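Thanks for making time this morning.

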Amino acid sequence: MKKIINKLKSYKLSNLNFRLIVYVLGITLLGIFTIGSAVDGGNFQNKQIVGLGIGIIFLIITTLVSYKFIFKFYWLIYLFANVLLIIVLLFGTTNKGATRWIDLGFTEFQPSEICKIFFVIFVVTYLYKRREKISSFRTIIGVSLFAMFQVLLIYREPDLSTTIVFFITFCAIMFLSGIHYKIVTAVLVIAVPVIIVFGYLVIQPDSGILEDYQYNRIVGFYQKDNPEAEKIRYQQENSLLAIGSGGLSGKGLDNNTVTSVKNGNFLSESHTDFIFTIVGEELGFIGCSAVILLMFLIVLECFITGSRTNELHGKLYCFGFGIIIAIQTFINISVATMMLPNTGLTLPFVSYGLTSLISLYIGVGIVLNIGLQRKRLI
């Protein structure tokens, strides 16, 4: 206890990133108001408010507890994450062909959300512990095998969009870890043609790589003249119409406008996957710009904190966490604006989801703690 108190006294309040806290709270509150407008009854909104309260508690804890102490248990964290993912595969709740949730009675717990944080902690600490031999074959193969095992568990749910988030995050962390440029070049030379071939195989009928609904979403998105594809694009076309109808300032939250796409029940999952659509229709261009700007500022603050940190695992964690937020934001908004096929990926801090919100607040708390422990600016 004495060590903990001394550690807390060593923190400098001037190093606490108040800007990041304000951005995170601001976009979360915007999300809560939008969820309340997207779904009648207020049940989801009330749950999200509870999630915010729990998230703030975890944010305070992870801000005060040294990230170095937490990262010491990276093997236990890795094993715990794998156990959660295996449990959901064996006993999870299936919805629309995917098994991603564990029913807790009062809510559904989605292990893949908290595992995003656990995944980054494990990968960055594994590399940090072997930083003197980070470019060795043993280190690269070792971290890749452990990481890909967890990615495979996510893929088996199936959850292709989250699998992509995990994979891109892993690649970014490896690139930023300081691995010799010759290894990075060699990997790129090999990976590019492999990805092209894999992409070609994915879009082949009956390839067995994707579930039927995943295949239909991807292929149907590009087959503009196929009558069946119109059913697949129906959600996104309505989303695009809703965002466009919002104009500059939108139709207002909780509006009763008969021309509203939301009020006409032309959108499903409006409080999760298509929450950005509600922002566009009811808060207009101003609301959409506010969401994008806040997301950009949150990611930027994560990157700035990472750039000012001397410890490799702290630096890589900040970049890794920021990349997760950036990727999810880009994909979610791209789906809502019909730039990418529908993926089912939520918008961080804004979409409804207790597991996601609490996990993100834990992640932000760790970033804040890393910032508290910086010794000098770079």
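**Core, loop and helix**

Let me begin with Tyr 317, which, once residues up to four places away in sequence are set aside, is in contact with Phe 71, Ile 117, Val 120, Ile 121, Val 124, Gly 363, Ile 366, Val 367 and Ile 370. Please keep in mind throughout that this is a predicted model. Tyr 317 belongs to the largest nonpolar core, a set of 97 residues, and is listed there with Val 123, Phe 321, Phe 349 and Ile 366 as having the most contacts inside it.

Next comes the loop between α13, residues 312-336, and α14, residues 354-372, which is where Met 338 is placed. Most residues other than glycine have a negative phi. Met 338, however, has a positive phi, near 60°, and is not a glycine. Its relative accessibility is 17%, and because buried means under 20%, Met 338 counts as buried.

Phe 349 sits in the loop between α13 and α14 as well, and its phi is also positive, at about 70°, although Phe 349 is not a glycine. With a relative accessibility of 1%, Phe 349 counts as buried, and we have already met this residue among those with the most contacts inside the largest nonpolar core.

Finally, how many of the residues of α14 are buried? The count is 19 of 19, so that helix is mostly covered. As a check on its geometry, the 19 residues of α14 should span 27 Å at 1.5 Å a residue, and the C-alpha atoms at its ends are 27 Å apart, which agrees.

Methods:
Residues are numbered from 1 along each chain as its sequence is written. This is a predicted model: local features need pLDDT of at least 70, side-chain atom pairs count only at pLDDT 80 or more; totals for chains, interfaces and linings use all residues. Side-chain values use heavy atoms; hydrogens and water are left out. A nonpolar core is a set of buried Ala, Val, Leu, Ile, Met, Phe, Trp, Tyr and Cys residues joined through side-chain atoms within 4.5 Å. Buried means under 20% relative accessible area, exposed over 50%, partly exposed in between (1.4 Å probe, protein chains only). Contact means heavy atoms within 4.5 Å. Helices (H or I, at least four residues) and strands (E, at least two) are DSSP runs, numbered from the N terminus. The expected span of a helix is 1.5 Å times one less than its number of residues.
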